[in-house]
Amino acid sequence: MIVRKRLTLAKHAEYAFLLFRTIIAPLLNFSESFSNQPHSTSFRIRKGAKYFSDCNLVALSNYDQNSKVKQMSNAIETSDLTRRFNGFVAVDKLNIAVEHQEVFGLLGPNGAGKTTTISMLCTILKPTSGTAKVNGFDIVKQATQVRKSIGIVFQDPSIDDRLTGRENLFMHANLYGVPQSEQKTRIDEVLKLVELEDRADSILRTYSGGMRRRLEIARGLIHYPKVLFLDEPTIGLDPQTREHIWTYIKELRKAHDITMVLTTHYMEEADRLSDRIAIMDYGKIVALDTSPKLKETLEGDVITVKTKDAERFASILEGKVATKKIRIVEGSIEITVQDGKALLPRIVETAAQNNIYVDSVALREPNLEDVFLHYTGHAIRAESGDELHGLSAIRRRAIK
Amino acid sequence: MTEIRGIYTLWLREVKRYLRDRTRIVSSFFQPLLWLVIFGSGMRISESISGLSYQQYIFPGIIGQTLLFTSMFMGISVIWDREFGFLKEILVAPISRFSIFLGKMFGDSTDAVIQGIIVFLLGTLLGVRLDIIMFLESLPVMLLITFGLVGIGLTVASFIESLESFGVIQSFINLPLFFLSGALFPVRGESVPSWLQIVSNFNPLTYGVDALRTIILGEAWQPLYPLYYDLLVVGGFAVIMILIGTLAFSRRR
């Protein structure tokens, strides 16, 4: 009996030691690492280009030969990437290639399959069939390597609101294996980029929606990802904050060796940020090009001339101006031309020469919205009737 | 090394969240106090069990109950994280599901043990003899008990979508484990119905409570099993739950 008691005492002593090492010692350690206040350098407003080029040097030197070879290939390549949910095809044989250091916009209505695509590329969802390579790694077979090479800003918030901003960033750095010696500097860097140095040590609950979003963008950058996914980065934010975040994204792409994939259903966002835009609907890419080229595929600018002599003026213009189409709509002349800005003065001149009084002239350049309607409109007609469209739209909304 | 850092990080997060939640800590006093003071006093009329007063007898049981309830409740953190999106951030991180599960389990276990310590201190206010050696001995045992229990909580929570249904299922698991563990009354002996004896054999908490009694009550308590046997069963159960939990966390849609 006595022997047993002694043995267990020794065991318990061992336990107690282990307990101390694993629990109490780290506790002391963490209080030290978290009590660090931001440096006084927060006075200097120094964001963007310069220090990010410093980061690049570190980041590049960290990558081995292997990834230098991979630089040659595309950042993302999908081959027949498909995802079904109970028979419903959310993403349908997607084949896209995203070039290195490109900002690739994925534009589509709600439920078009954008988030499903991103989720597969981020290895959250398994493709039903087909596969993709991100930074040269297969999303099915090499999920861990893919995860190490990407940063994600999710559509929905994904930060711990009971921790401070800095703690969230430290946690992320640890999860992604950022060397401890570099963590503090990198966190200060990204905090500076999104201008949150002053609030870094406040609990996240006290942050506004825009600040949280900025912190999430900062978090996505700590581990120097090769590919950054931004899933609806400005959804639900006020115009001012949206403008702010766009500025960060633009700055990033200017100064950082990074490829970005941006999903959005805001036309303006895709237009202003992306190098190339893919319009997605019903799980398929319906158009893919740069924004100006997409707009060119439409008929062109529309000049509207309001005059009482509409009929006469239209017939005069018919022979004089290189136009594609002239028609009279509600008493005004609508002229579709390739280059509206250059043609506008000629039209006014022609009116003056022929003694036609012009009430007003308006020029409208096609925006991405026109492009979008143009393509998705076709897609709807090509696939099925309106009835099914409504039904599948409801089904789509149910799937998350 | 990345994995260990990951586990540590997730552990740290759980502990910090817990320590910042003042209401949870303060309210954790309440339930054990009810059991010890009201239930313990009320049941004083029952015959003394192997020479111990009833309050002395149930004290280790109430610690076990606190560990059980807190551990199971911690499963809610999974649902919470999913609801608030944070789970995604963890799941896309380049660390294994095994490490994610371990990190969460260690964190939640630590929180549960802190609750256990609070009950321990409450007990001394109520006149239970506190011996520093005995206290230190019971700490690792408490931790070991919580591993398996937190494992149940996390596993169950990973299958459940809403907070409400987790609450219901939680009590389905909590109460049988609690009542069949010998925390409130003996589950061994001549007067105990044999079905109760048999069922309690399959309850990991029976061994946990027995181990706590062996340490806290000392010579006064006649152990059901040797301490090493209790710890082996509790530890074995923890290992099984870790494996099951990792599998549950590894499901990918």
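In chain A, helix H8 (residues 209–221) and helix H9 (residues 239–255) have axes that come within 10 Å and cross at roughly 15 degrees. Helices here are DSSP runs of H or I with at least four residues, strands are runs of E with at least two, and both are numbered from the N terminus. The axes are lines fitted to C-alpha atoms, for helices over the stretch in contact, and the angles run from 0 to 180 degrees between N-to-C directions. H8(A) and H9(A) are therefore roughly parallel to each other, a label given to angles under 35 degrees. Their crossing is right-handed, meaning that the near helix is turned clockwise from the far one by less than a right angle.

The model is predicted: local features need pLDDT of at least 70, side-chain atom pairs count only at pLDDT 80 or more, and totals for chains, interfaces and linings use all residues. Residues are numbered from 1 along each chain as its sequence is written, while chains are lettered from A and ligands numbered from 1 in the order in which they are written.

Which residues of H8(A) and H9(A) meet? Gly210(A), Arg213(A), Arg214(A) and Ile217(A) in H8(A) are in contact with Thr241(A), His244(A), Ile245(A) and Tyr248(A) in H9(A), where contact requires C-beta atoms, placed from the backbone, to lie within 7 Å. By class, this contact has 3 nonpolar, 3 polar and 2 charged residues. Nonpolar covers Ala, Val, Leu, Ile, Met, Phe, Trp, Tyr, Cys and Pro; charged covers Asp, Glu, Lys and Arg; the others, Gly among them, are polar.

Chain A as a whole contains 15 helices and 15 strands. An automatic or database assignment divides chain A into domain 1 (69–295) and domain 2 (299–365). The centres of these two domains, taken over C-alpha atoms, are 45 Å apart.

Chain A also touches chain B: 28 residues of chain B are in contact with 30 residues of chain A. On the side of chain B, helix H1 (2–20), helix H6 (86–91) and helix H8 (132–159) each give two or more residues. H1(B) gives the most, with 10 residues. That side of chain B has 13 nonpolar, 5 polar and 10 charged residues.

Within chain B, Phe59(B) lies in helix H4 (residues 54–74). Is Phe59(B) buried or exposed? Phe59(B) is buried, because 30 other C-beta atoms lie within 10 Å; the cut-off for buried is 20 or more, for exposed 12 or fewer, and partly exposed is in between. Leaving out residues up to four places away in sequence, Phe59(B) touches Leu36(B), Gly123(B), Val128(B) and Ile216(B).

Key. Two residues are in contact if their C-beta atoms, placed from the backbone, lie within 7 Å. Angles under 35 degrees count as roughly parallel, over 145 as roughly antiparallel, 65 to 115 as roughly perpendicular and the rest as oblique.
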